[in-house]
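Please read the following briefing alongside the sequence and the model.

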Amino acid sequence: MSIKSASWQTLWTNVNLATMTEGAKGYGAIENAALAITDGKIAWLGSEAELPSFDANSVNVIDGKGAWLTPGLVDCHTHIVYGGNRANEFEMRLEGKSYEEIANAGGGIVSTVKATRAASKEELFASAFKRLSALHQQGVTTVEIKSGYGLDTINEIKMLEVASDLAKSLPVTVQRAFLGAHALPVEYKGRPDDYINLVCEDMIPQIATNKLADAVDVFCEGIGFSLAQTEKVFAAAKAHNLPIKVHAEQLSNLGGTALAAKYQAMSSDHIEFLDEAGVSAMKAADMTAVLLPGAFYFLRETQLPPMDLLRKHGVSMAIATDANPGSSPICSLQLMLNMACTLFRLTPAEALAGVTCHGAKALGLSSSKGQLAIGYDADIACWDIQQPAELCYQFGVNPLQNLMKSGEMVI
Ligand code: DI6
Ligand code: FE
């Protein structure tokens, strides 16, 4: 025992653990626990009563004073790099216009494209840095950032480069998703297939060669791209060994999720209109369902995602902010925990799994992130709470006490 503990660098004592290990019951809780770290990874965890002997002179011991530790939170779906904002459209919606009407009248995603193309990399970085900092201050240690407001090769690459720069400036792991097939740029009006060819034949090859993205995403929807167009993008991504994911069944049921399952997608996101056939296709392909209560709330949707079917088929449910200027201008994963429970009726344990182990799974990171387990990255949030359900229950007082990234205390 003492040989093993000799290499520990940091040891949390006097803590409670919500391990969030996949398949564990509830929170996978271990009360009155300790957790040791070596080389940025979790080296030991368990009941403090079973702590092996260790050399107190060579280990940095942190007294957690009864706090709860969870895995650092994972926000597996955001669009935080963009120019401008759409507060004007928010006003229009309150005066009676729908999201789709605004999009069809040249507003919506396309108006953010204009502002994003006009912005310099420095400007995009500065505004996204504020959003990422807000997420980080609430316990996020891994985030996915999508492109999709450039819609031409230069500007899509500009967005992905800003996402890469963000990863260097804050202690947050950034996964980049290429979402060139997000909306039709105005210069391709009436020629969506030509734009899809540009995505497949110019953007994806360049992005893959220069390792600018970790996955490829498509908005498969009436106001986005058709099934046939979506399939072309999936095929191009696969040909370049890029994993895929999809925005599907958000406003209607086009079958994008089942198509994505055929291509072994990591996740299908939104899915308010998904039917049972789609849910069972997800299960068969071991896909994660990414539920986005912020967009549901902000667009005042009424169609709930099929939670009972997802539970019945045992599909993992992740929760994310979808932070973006149009449908979810919200940079708080803590608020999403609350909304996942109040709006989607998830239990607090399901919601917390959604921003830890299942969020990591949605990004293909389930063997290194989102769980407190031996060998996992020591990305750890320390919360001033009495019980894990508090993370979902109270909103507006940030209970984050400390945040560790790869074993280093960063907050
Ligand atoms: N679905 C969404 O909720 C966001 N993108 C997408 O495909 C909305 C993006 C926006 O309105 O700017
Ligand atoms: Fe989205």
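**Ligand site and cysteines**

In this predicted model, the shell around ligand 1 is made up of 4 nonpolar, 8 polar and 2 charged residues, where Ala, Val, Leu, Ile, Met, Phe, Trp, Tyr, Cys and Pro count as nonpolar, Asp, Glu, Lys and Arg as charged, and the others, Gly among them, as polar. Local features need pLDDT of at least 70 and side-chain atom pairs count only at pLDDT 80 or more, while totals for chains, interfaces and linings use all residues. Residues are numbered from 1 along each chain as its sequence is written, ligands are numbered from 1 in the order in which they are written, and side-chain values use heavy atoms, with hydrogens and water left out.

**Surroundings of ligand 1**

- Ligand 1 is surrounded by 14 residues, of which Arg-86, Tyr-99, Tyr-149, His-182 and Ser-327 are the closest (a heavy atom within 4 Å).
- The side chain of His-182 places an N or O atom 2.8 Å from a nitrogen atom of ligand 1, and the side chain of Ser-327 places an N or O atom 2.7 Å from an oxygen atom of the ligand.
- A polar side-chain atom of His-270 is found 3.3 Å from an oxygen atom of ligand 1.
- The protein buries 100% of the 320 Å² that ligand 1 exposes when taken alone (Shrake-Rupley method, 1.4 Å probe).

**Cysteines**

- The whole structure contains 0 disulfides (cysteine sulfur atoms within 2.5 Å).
- Cys-220 is in no disulfide, and its nearest cysteine sulfur, that of Cys-200, is 14 Å away.
- Cys-341 is likewise in no disulfide, with the sulfur of Cys-392, the nearest, 4.2 Å away.
- Cys-220 counts as buried because its relative accessibility is 1% (buried means under 20% relative accessible area, with a 1.4 Å probe and protein chains only), and Cys-341 counts as buried at 14%.

Definitions and conventions: A polar contact is a pair of N or O atoms within 3.5 Å; within protein, one must be able to donate a hydrogen and the other to accept it, and residues adjacent in sequence count only if both atoms are side-chain atoms. Buried means under 20% relative accessible area, exposed over 50%, partly exposed in between (1.4 Å probe, protein chains only).
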